Amino acid sequence: MHAQNPPAHERPAGRPTSPSSPSPSGPRVSSGASVPSTASGPARPVSFAPRAVPLSPTLAVNEALARKRREGVRVLPLGFGEAGIPIHPALTRELASASGRGGYGPVAGSAALRAAAAGYWARRGLPTDPSTVVCGPGSKPLLFALLMAIGGDVVVAAPSWVSYAAQAPLAGVRPIRVATPPGEGGVPSPALLADAVVRARAAGRTVRAVIVTLPDNPTGTLASEETVRRLCAAARDLDLVIVSDEIYRDLVHDRGRAVPSPARYAPERTVVTTALSKSLAAGGWRLGVARLPEGPFGAALRAAVLGIASEVWSSAPAPVQHAAAYAFAEPPELVEHVDRSRRLHAAVCRAVAGRFAAAGARVPAPQGAFYVYPDLGPLRDALRRGHGVNTSVELSELLLERYGVGVLPGSSFGEPPVALRLRVAPSLLYGETDEQRLAALASPDPASLPWIAGGLDRLSEVLADLRESARAGQAALA
Ligand SMILES: Cc1ncc(COP(=O)(O)O)c(C=O)c1O
């Protein structure tokens with residue numbers, strides 16, 4: 001029968017006609033496993049490996065910590081970039097009120113959502129025509145669709161959020177890493193951009209885009225207006241599209257400090273993306289929005305993104321779109337919630353940065369989002385001698401395995417492996433229950449709440465032990 005014994009032209013070279021009589025020259029299939037029989041004959045194990053796509057490191061560290069917890073190890077979860085605050089009841093109310101809505105709706109998103117997102121941007125100095133807004137199930141898939149639609153290699157900052165460089169090859173393009181100016185994460189140095197792009201083009205590559213993150217994950221810093229202006233001028237000279245990921249825009253710690261969006265300085269070539277998942281803590285609610293440029297290029301890009309969206313996700317879920325339209329209209333209760341979360345992130349990030357600095361690390365002062373980015377370079381000799389640690393991966397493995405502390409190595413963000421930088425995300429310290437998290441949100445001094453102070457003290461203890469045991473040649477604490 002065909003299903004059991006395909007004709008030779010349908011068989012890969014060397015493949016035996018039956019798995020029960022493998023030819024010695026045939027491809028290797030898994031050995032030893034018993035092959036179950038099915039209604040259509042004996043099952044034949046697949047002989048090839050699927051394309052290897054590693055799990056995003058942010059999700060992987062979460063799983064590693066869950067494993068440690070199951071083993072009964074005391075863990076300090078500082079790896080996963082989750083807002084760590086409860087979802088506001090107004091959002092759950094709006095979601096529930098729309099939960100009966102089925103149907104796919106327009107690929108670009110509902111008219112109500114696009115109008116609300118346009119209003120959100122207009123209030124931030126970016127007048128927006130709702131027809132230029134495209135929504136998707138999270139900003140991550142929108143960024144992926146943008147990379148695919150723009151269709152050329154992309155410059156990303158070093159360091160930068162893990163998924164830009166990881167998505168690029170999946171979208172059929174390649175990332176080009178360009179270092180940020182000192183102390184200004186999220187933006188490839190304008191001074192180095194031209195050189196990198198010209199060299200890549202001379203080598204035959206098609207370079208079409210640059211991604212910026214304002215404020216930045218992983219460094220928790222915000223690039224200056226001057227740097228963004230220079231980046232925009234360079235992008236114009238080089239004819240690059242700018243993708244400005246502003247998902248942390250509403251979480252700049254200093255409320256008086258404006259986010260310098262490239263959409264102000266190079267509107268004809270800037271796409272802005274944002275989502276509910278960070279400022280409103282609605283992480284699992286897959287909903288993001290993109291603001292595309294006006295004009296012929298923007299219209300063509302929109303058509304391409306919608307084409308990809310139509311083939312991959314069709315539309316974002318209608319009930320979540322409804323709740324998002326409510327959120328982007330910024331009713332006072334949500335504005336206050338975001339404001340409180342901003343203060344909480346600022347206070348705890350400051351405290352964590354202080355603990356690392358006290359242990360001898362170099363730490364940029366956190367300015368936005370909920371990340372701290374210490375450099376343990378000053379402890380390099382002690383770490384090498386006492387722990388055999390030479391790279392950020394070895395350092396994060398040591399912290400995880402010996403102390404149950406989950407952080408991400410700087411190399412995940414495109415840093416050289418030997419740079420001893422770590423991304424620390426303190427937001428899971430805000431509490432284990434909603435009650436604790438709400439108390440943290442309401443507190444004028446959240447770092448002094450017992451459960452947060454306990455986490456901070458454990459961090460200091462671990463960092464002190466890391467240094468002490470490095471001197472003594474072994475860890476005292478476990
Ligand atoms: C910089 C940045 N951009 C985009 C995203 C994606 O968020 P979402 O897909 O939830 O919109 C994240 C999530 O961690 C992020 O840190």
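Which residues does the UniProt annotation "domain: Aminotransferase class I/classII large" cover? According to this unreviewed entry, the domain covers residues 94-425. UniProt positions follow the numbering used here, feature names are shortened, and annotations may be inferred rather than shown by experiment.

The model is predicted: local features need pLDDT of at least 70, side-chain atom pairs count only at pLDDT 80 or more, and totals for chains, interfaces and linings use all residues. Numbering starts from 1 along each chain as its sequence is written.

**Confidence.** The protein chain has an average pLDDT (the predictor's confidence in each residue, from 0 to 100) of 91. At least 70 is reached by 91% of the residues. Residues 1-32 fall below 50, and beyond near neighbours in sequence this stretch has 26 contacts in the model. A contact means C-beta atoms, placed from the backbone, within 7 Å. Where pLDDT is low, predicted coordinates should not be read in detail.

**Fold.** Residues 94-425 are 43% helix and 13% strand, with end C-alpha atoms 29 Å apart. Helices (H or I, at least four residues) and strands (E, at least two) are DSSP runs, numbered from the N terminus. Seven strands make an open, mixed sheet ordered β4-β10-β9-β8-β7-β5-β6. Pairing requires at least two DSSP bridges between two strands. The edges are β4 (133-136) and β6 (175-179); each has a single partner strand, so one side of each lacks a neighbour in the sheet. Neighbouring strands are turned by 25° against each other on average, direction ignored. Axes are lines fitted to C-alpha atoms, for helices over the stretch in contact; angles run from 0 to 180 degrees between N-to-C directions.

Strands β9 (270-275) and β10 (288-291) pair antiparallel over four bridges. Val272 has Arg291 of β10 as its bridge partner. Helix α3 (111-122) packs on the sheet, touching β4 and β10, and its direction makes about 115° with that of β4.

**Ligand shell.** Residues around the ligand include Lys140, Trp161, Asn217, Asp245 and Ser277. Here a residue is near if its C-beta atom, placed from the backbone, lies within 6 Å. The shell has three nonpolar, seven polar and two charged residues. Ala, Val, Leu, Ile, Met, Phe, Trp, Tyr, Cys and Pro count as nonpolar, Asp, Glu, Lys and Arg as charged, and the others, Gly among them, as polar.

**Backbone geometry.** Most residues other than glycine have a negative phi, and most peptide bonds are trans.

| Cis peptide bond | Omega |
|---|---|
| Leu214 to Pro215 | about -15° |
| Asn217 to Pro218 | near 25° |

Pro215 sits in the loop between β7 (207-213) and α7 (225-238). Pro218 is also in the loop between β7 and α7. Asp239, not a glycine, has a positive phi of about 55°. Asp239 lies in the loop between α7 and β8 (241-245).

Technical notes
Contact = placed C-beta atoms within 7 Å.
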